[in-house]
Amino acid sequence: MKVLDIHIHVGRREHLTPSLISFLEEEMGPATVELAQQLTPDALVDLLDAHGVRLGVILAEYSPRTTGVIPNEFVSEFCRQTDRIIPFASIDLESDAPPADQTEKAVKQLGCKGIKLLPSYTRLYPDDPRLLPAYEVAQGLGIPIMFHTGTSVFPGSRIRYANPLLLDDIAEDFPRLNLVMCHGGRPFWYKEAEWMLRRHKNMHIDISGIPLRKLPELFPKVEAFRDRYIFGSDWPTRPNIADYVGEVTRFPYTAETIQAILWDNGARLLGLES
Ligand SMILES: [Zn+2]
């Protein structure tokens, strides 16, 4: 079964805040953190092969007060030599460049295939008026936007910006813009996230960072919305992607639904042939 992982982080030490580095070292051990930071594109492709992942999406990030800054240019360059990894840009609200221009540049010049935003890390509401022109551009270019939803343990993050219901206006006002709720609003807002799938056909859930064994219980309508759930690992915070894929293959769903979660839905958002 082909696997597309829509949620992978690659960053160098100089990109990350000292508080994030100490947190990761404590959680994952200094050796793993060092390994993740020295990772080359080839080594990442080897790692994806080892875990049975065909395509991976690498996420840029502008969260200087929380986790750090992983520039669009870095992610674009990192993904340049292979078609196995796909860059997603982010938007820097401290830059002089308007968000709409940043979005257009990311797609047209840097080859990014989507945008990822972290409202709780940048401390702004997803429907902040400054961002709306960027959503218009993304809709016009046919690229998806992913939003971190739910909790984060990183110092400096603010939970109130991370409720999936905050995406309701955006989904309504940009009906052709595909939106992804990363982590499905974990752990307080699973119901809200699933309701958003019912309310808006352009809404999706990336299942990274969720206790997968409990997924069928947390989201009772997966089969009904089987075109809306997308596999993501949040590597390196979940180092063993293959184990995570294994959990999905053991879900009590039809083979079509499992295939849709692991590949089809992500591929469709990326505009790839199935
Ligand atoms: Zn993540």
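Of the 73 residues in the largest nonpolar core of this predicted model, those touching the most other members are Ile58, Phe88, Ile145, Phe147, Met181, Phe231 and Leu262. A nonpolar core is here a set of buried Ala, Val, Leu, Ile, Met, Phe, Trp, Tyr and Cys residues joined through C-beta atoms within 7 Å. A residue is buried if 20 or more other C-beta atoms lie within 10 Å of its own, exposed if 12 or fewer, and partly exposed in between, with C-beta atoms placed from the backbone. Helix α12 (residues 255-269) gives the most to this core, with five residues. Helices (H or I, at least four residues) and strands (E, at least two) are DSSP runs, numbered from the N terminus.

Residues are numbered from 1 along each chain as its sequence is written. Because the model is predicted, local features need pLDDT of at least 70 and side-chain atom pairs count only at pLDDT 80 or more, whereas totals for chains, interfaces and linings use all residues.

An open sheet of three strands has the order β1-β2-β5, with parallel pairing; two strands pair if DSSP finds at least two bridges between them. β1 and β5 (85-88) stand at the edges with a single partner strand each, so one side of each is left without a neighbour in the sheet. Neighbouring strands are turned by 20° against each other on average, direction ignored. Axes are lines fitted to C-alpha atoms, for helices over the stretch in contact, and angles run from 0 to 180 degrees between N-to-C directions. Strand β1 (residues 4-8) is mostly covered, five of its five residues being buried. Three bridges join β1 to strand β2 (residues 55-59), and leucine 4 stands opposite leucine 55 in β2. β2 and β5 pair in the parallel sense over four bridges; isoleucine 85 in β5 is the bridge partner of glycine 56.

A second open sheet has five strands in the order β6-β7-β8-β9-β10, again with parallel pairing. Its edges are β6 (115-117) and β10 (229-230), each with a single partner strand, so one side of each lacks a neighbour in the sheet. Strands β8 (residues 179-182) and β9 (residues 203-206) run parallel and are joined by four bridges, and cysteine 182 has aspartate 206 in β9 as its bridge partner. Helix α9 (residues 190-199) lies across β8 and β9, at about 145° to β9. Leaving aside neighbours within four places in sequence, methionine 181 is in contact (C-beta atoms, placed from the backbone, within 7 Å) with residues including Phe147, Ala193, Met196, Met203 and Ile205.

Helix α11 (residues 241-249) and α12 pack at an angle of about 150°, with their axes 9 Å apart. That makes α11 roughly antiparallel to α12; angles under 35 degrees count as roughly parallel, over 145 as roughly antiparallel, 65 to 115 as roughly perpendicular and the rest as oblique. Val245, Val248 and Thr249 of α11 meet Ile258, Ile261 and Leu262 of α12 in this contact. Its residues divide into five nonpolar, one polar and no charged, where Ala, Val, Leu, Ile, Met, Phe, Trp, Tyr, Cys and Pro count as nonpolar, Asp, Glu, Lys and Arg as charged, and the others, Gly among them, as polar. Aspartate 264 also lies in helix α12 and counts as buried, with 20 C-beta neighbours inside 10 Å.

Notes:
Contact = placed C-beta atoms within 7 Å.
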